[in-house]
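Please read it with the model open.

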Amino acid sequence: VIAEVDDACLSWLCDTDTDRLARMARRYAGAQATTRAEDLFADPDLDAILIATPVFSHFSLAQQSLQAGKHTFVEKPLAGSSQEAELLLAQAEADGLVLMCGHTFLYSPPVRTVKQILERGELGDLQFISSSRVNLGLHQSDVSVLWDLAPHDFSILHHWLGELPVAVRASGRDIAIPGIHDVAFVTMRYGSGLLANLEMSWLAPSKLRRTVLVGSEKMLVYEDGAPEAIRIYDKGVVHDDPETFGEYQLSYRTGDVISPRIDSSEPLALEIGDFVRSVRSGGPPAGHGELCLDVVRLIEAAEESLTGDGAEICPTADSPVVV
Ligand SMILES: NC(=O)c1ccc[n+]([C@@H]2O[C@H](COP(=O)([O-])OP(=O)(O)OC[C@H]3O[C@@H](n4cnc5c(N)ncnc54)[C@H](O)[C@@H]3O)[C@@H](O)[C@H]2O)c1
């Protein structure tokens, strides 16, 4: 993607895996290839570095990249702890460098369309959100399914709702590899009473990325990759005041189903394009740093609940506390 983005030139490839490096070097013959990240840090002509390595190497590589004066893009999540994420953000700000994290779904046209629908209040008051992000594999040996898949849902919900939940609760199982959770169910409670329930797993018969938003006026289904990525259902239940004590009147409303036209742009190209624009003009999109940090805080809170018998954890405290 970098090689195809306007205003950027792919000048280095780095991977400690020599086979992978050789494959990429054949494909992008104009770039220099190395197994040592230090070669990139030492190149005075290099403006920016993109890091797409395993999660727990993000902090060290990003810190060295910033220390070398390079604008830095780090794949999601920004770091392996909120403390590390805070250090990186502070370092980038102090040195006037762009630090961006690869929350690719923020550039996904359907995700952006849902945000506009919510801003227009089309769904009414949001009552609950439920999401499934499941497929078979790829099992990671060093991080749980939470560190792998939850950053997507956490960043999408943060973008849509603009706030953190007041409490996070998670349960799950480590089925294929002992100690590495490959299925997790996360429930988040927001100040407004909104509930969000997220299912994520590497053990599922087929790939599903589906989020349902239930509002007081309408309901919306967002299914990533589906031909109609967004469907808005004019459906709901109306509770009429009972005329006599103990008599409940419910009526169900079933109206039209609408699927808005969605732009087909490639999210990764939009994201990398935005990074390059930020490097040229200075500073990532407003609020980006806070979102990246909040995503790590949410993973930490969910992980703490997951390994602590499903206790409710407050992610907004300086360090997550059990509530
Ligand atoms: N935004 C997205 O949609 C998305 C999707 C998939 C993965 N990711 C993220 O991308 C990152 C990588 O995931 P992946 O699935 O590609 O992993 P991967 O293990 O397939 O690839 C990581 C590569 O990094 C190399 N590497 C490790 N340490 C290195 C070092 N110190 N210097 C140079 N190279 C090093 C490895 O040899 C390997 O080739 C993760 O942070 C993951 O969360 C993001």
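Predicted model: local features only at pLDDT ≥ 70, side-chain atom pairs only at ≥ 80, totals over all residues.

1. Every value below is computed from it.

2. Cysteines. How many disulfides does the model have? The count is zero. A disulfide needs two cysteine sulfur atoms within 2.5 Å. The closest cysteine sulfur to that of Cys-101 belongs to Cys-292 and lies 4.5 Å away, so the pair is too far apart for a bond. Seen from the other end, Cys-292 is in no disulfide, and its nearest cysteine sulfur is that of Cys-101. Cys-101 is buried, at 1% relative accessibility. Cys-292 is buried too, at 2%.

3. Helices α4 and α8. Helix α4 spans residues 82–95 and helix α8 residues 288–306. Their axes come within 9 Å and cross at roughly 165°. Because angles over 145 degrees count as roughly antiparallel, α4 is roughly antiparallel to α8. The crossing is right-handed. On the α4 side, the contact uses Ser-82, Ala-85, Glu-86 and Leu-89. On the α8 side, it uses Gly-289, Leu-293, Val-296, Arg-297 and Glu-300.

4. Glu-300. This α8 residue takes part in the contact with α4. Is Glu-300 buried or exposed? It has 18% relative accessibility, and buried means under 20%, so Glu-300 counts as buried. Glu-300 and Glu-75 are 225 residues apart in sequence. Their C-alpha atoms are 17 Å apart in space.

5. Helices α3 and α4. Helix α3 covers residues 58–67. It packs against α4 at an angle of about 10°, with the axes 10 Å apart. That angle makes α3 roughly parallel to α4. From α3, the contact draws on Phe-59, Ala-62, Gln-63, Leu-66 and Gln-67. From α4, it draws on Glu-84, Leu-87, Leu-88, Gln-91, Ala-92 and Asp-95.

6. Helices α5 and α6. Helix α6 runs over residues 145–161. It packs with α5 at an angle of about 30°, and the axes are 9 Å apart. Angles under 35 degrees count as roughly parallel, so α5 and α6 are roughly parallel to each other. Their crossing is right-handed. Val-111, Val-114, Lys-115 and Leu-118 of α5 meet Ile-156, His-159 and Trp-160 of α6.

7. Ser-201. This serine sits in strand β9, residues 195–201. Ser-201 is buried, with a relative accessible area of 3%. A polar atom of its side chain lies 2.7 Å from the backbone nitrogen of Leu-203. Beyond its neighbours within four places in sequence, Ser-201 has contacts that include Arg-133, Val-134 and Asn-135. Val-145, Leu-149, Asp-182 and Val-183 are also among them.

8. Ser-108. This residue is in the loop between β5 and α5. Ser-108 is buried at 2% relative accessible area. Leaving out residues up to four places away in sequence, it touches Tyr-222 and Pro-267.

9. Ser-278. Helix α7, residues 267–281, holds this serine. Ser-278 is buried, with a relative accessible area of 4%. Which residues does Ser-278 touch, not counting those up to four places away in sequence? They are Val-98, Gly-283, Pro-284 and Pro-285. Ser-278 and Val-98 are 180 residues apart in sequence, yet 6.9 Å apart in space, C-alpha to C-alpha. The backbone oxygen of Gly-283 lies 3.4 Å from a polar atom of the Ser-278 side chain.

10. Cis peptides. Most peptide bonds are trans. Please look at two that are modelled otherwise. The bond from Lys-76 to Pro-77 is cis, with omega near -10°. Pro-77 is in the loop between β4 and α4. The bond joining Gly-137 and Leu-138 is cis as well, with omega about -15°. Leu-138 is in the loop between β6 and α6.

11. Positive phi. Most residues other than glycine have a negative phi. Asp-7 is not a glycine, but has a positive phi of about 65°. Asp-7 lies in the segment before β1 and counts as exposed at 56% relative accessibility. Asp-309 also has a positive phi, about 60°. Asp-309 is in the loop between α8 and β14. At 79% relative accessibility, Asp-309 is exposed.

Note on methods. Residues numbered from 1 in each chain as written. Heavy atoms only, no water. Buried < 20%, exposed > 50% of the residue type's maximum accessible area, 1.4 Å probe, protein only. Helix = DSSP H or I, 4+ residues; strand = E, 2+ residues; numbered from the N terminus. Polar contact = N/O pair within 3.5 Å; in protein donor to acceptor, adjacent residues only side chain to side chain. Contact = heavy atoms within 4.5 Å. Axes fitted to C-alpha atoms, helices over the stretch in contact; angles between N-to-C directions. Parallel < 35°, antiparallel > 145°, perpendicular 65-115°, else oblique. Left-handed = near helix turned anticlockwise from the far one by under 90°.
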